[in-house]
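Reader: I have a chain open and want to go through its fold with you. Can we start with the model itself and then move to details?

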Amino acid sequence: MAGPLKELSAVRCFEGMLRRYEHESSTLGGLAMKFAVYIPDAQAQDAASAAKKPRTESEKFPAVFWLSGLTCTDENFAQKAGAFETACALRLVLVLPDTSPRGEGVPDEEPKTYDFGQGAGFYLNATTDKYRKHYNMLDYITKELHDLVLAHMPIIAGKVSIMGHSMGGHGALTIALKNPGKYRSVSAFAPICNPTDAPWGKKALPLYLGDDEAAWKEYDTVELLKKYEGPPVRLLVDQGTSDNFLKEQLKPEALKAVCEEKGVVLNLRMREGHDHSYFFISTYIKDHLQFHASQLTGMLRWCPDSLPSASAYSEGSGKANDTAGKEITCLAAVAFEPKKPLALVNVQVGPPQKGEVRIKHVAVALCHTDAYTLEGSDPEGLFPCILGHEASGIVESVGEGVTEFQPGDHVVPCYQAYCGDCKFCKRPDINLCTSVRNFTGKGVMAGDG
């Protein structure tokens, strides 16, 4: 149980307040722990009146936890990341904890080094005799501090995300994977992806957890992904190409490989020329917060930057993509049988044939027809199938004879194709083209017979 909150400082920043607190942590052996919270103003009240009366549920906000890296405290992100203007605009609470237990009597190694002990808690629960009393940052972040801020801050329960940098990126990824569904989204800057195969991890994990290498794997993103069975998860990771820790410590290539193997959606962006510092973080923090806001609120504030078109409202370029005319591999949520969870698997998509258009979906929604099929109630429902015919996307390539669309066009697919000549197409109130119905009812394209 967390002790009473003591406010240490409060400063105004944009249309919100950054407040720093101290409390006694039972999870960390009764130590005094510090953390900070940035809270946007309630829209209907000024800052002074907001402090005098409880907020209604509509005046609460989603929250994002930030986990900092080696040597950092709760103050580094607040002072260097430049995140508060965006957090305020997106109506997000930011929760900024410390990176480890601190204080008199907290054990450490001698001589003291930057990559272990105080300032380097690795967001785990220690099990060795020397460290298990105080070094329980996993439970502190996911339970004690989580419950504390939800009880005392204007945060909407169930709408929490997590992100971090370096050791904190490792913490954010492993915490999200170890707590499926608890966090709406997760992202990381230069995370330690595979600590069981990196010098930082090989030093810290035995000291905190002992010699059992199976225990180390419980705090390794790559190893956790190998056995992950939770709900679908999307990982957003930015990594600088000039990071001096890239090859030896961070190993994003191991993360990419396991995500490809397991069909996990990973948006790994190698940022040319960027290093490991807060200059790197401050460059892309706005994009990360927009990503989390989109997952927390359902409002489209973010999309991957690797789409064929630079803008969601740009004109069609007409230029063929590198993938035109080729079979491509895509990640799909496939229904293999009725009333079972969808499975993320790689599928092969052939090039468009005569009269066909191949579309890169940007956003997909499930409608009543999809639910009807997944329930096993649709007599025409076939399995396996890919649901989600209500979508928006970008034309990737077109087949022979297609003149109305070109690569780069932004389109909304219809439930059925449209020939324009049959009796149904000529009706203004229906879209069940008879020229293709016999094919789509069997789950095939017209060109496939």
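This is a predicted model: local features need pLDDT of at least 70, side-chain atom pairs count only at pLDDT 80 or more; totals for chains, interfaces and linings use all residues.

Author: Residues are numbered from 1 along each chain as its sequence is written, and side-chain values use heavy atoms, with hydrogens and water left out.

Reader: How many helices and strands are in the secondary structure of the chain?

Author: There are 13 helices and 15 strands. Both are DSSP runs numbered from the N terminus: helices are H or I with at least four residues, strands are E with at least two.

Reader: And what share of the residues is buried?

Author: Buried residues make up 46% of the 449 in the chain. Buried means under 20% relative accessible area, exposed over 50%, and partly exposed in between, with a 1.4 Å probe and protein chains only.

Reader: What is the strand order in the open sheet?

Author: The open sheet has 9 strands in the order β1-β2-β3-β5-β4-β6-β7-β8-β9, and the pairing is mixed. Its edge strands are β1 (6-12) and β9 (265-271), each of which pairs on one side only. From one strand to the next the twist averages 20 degrees. Two strands pair if DSSP finds at least two bridges between them.

Reader: Which way do β8 and β9 run, and how many bridges join them?

Author: They run parallel, joined by 7 bridges, with β8 covering residues 234-240. Glutamine 239 stands opposite methionine 270 in β9.

Reader: Now β6. Is it enclosed or open, and why?

Author: β6 is largely enclosed by the rest of the structure, because 8 of its 11 residues are buried. On one pairing, 6 bridges join β4 to β6, which run parallel, and alanine 63 stands opposite valine 160 in β6. β6 also pairs with β7 in the parallel sense, over 4 bridges. There, isoleucine 162 stands opposite valine 186 in β7.

Reader: What hand does the unit of β6, α5 and β7 have?

Author: The three make a right-handed β-α-β unit. A crossover is right-handed if, with the strands pointing away from the viewer, the path from the first strand over the helix to the second runs clockwise.

Reader: Where does α5 lie?

Author: Helix α5 (residues 167-178) lies across β4 (61-67), β6 (155-165), β7 (186-189) and β8, running at about 135 degrees to β6. Axes are lines fitted to C-alpha atoms, for helices over the stretch in contact, and angles run from 0 to 180 degrees between N-to-C directions.

Reader: Is α5 covered or exposed?

Author: Mostly covered, with 11 of its 12 residues buried. Among them are Met167, His170, Leu173 and Ile175. The cover over the buried residues of α5 includes α4 (137-152), α8 (221-226) and β8.

Reader: What span should its 12 residues have?

Author: At 1.5 Å a residue they should span 16 Å, and the end C-alpha atoms of α5 are 16 Å apart, so the two agree. The expected span is 1.5 Å times one less than the number of residues.

Reader: Change of topic: where is asparagine 194, and what does its side chain join?

Author: Asparagine 194 is in the loop between β7 and α6 (199-209). Its side chain joins that of aspartate 220 through a polar contact of 2.8 Å. A polar contact is a pair of N or O atoms within 3.5 Å; within protein, one must be able to donate a hydrogen and the other to accept it, and residues adjacent in sequence count only if both atoms are side-chain atoms. Asparagine 194 is buried, at a relative accessible area of 9%. Not counting residues up to four places away in sequence, asparagine 194 touches Asp220, Val222, Leu250, Lys251 and Ala254, where contact means heavy atoms within 4.5 Å.

Reader: Which residues have a positive phi although not glycine?

Author: Arginine 91 has a phi of about 60 degrees, and tyrosine 123 one of about 55 degrees. Arginine 91 counts as buried at 18% relative accessibility, and tyrosine 123 is buried at 0%.
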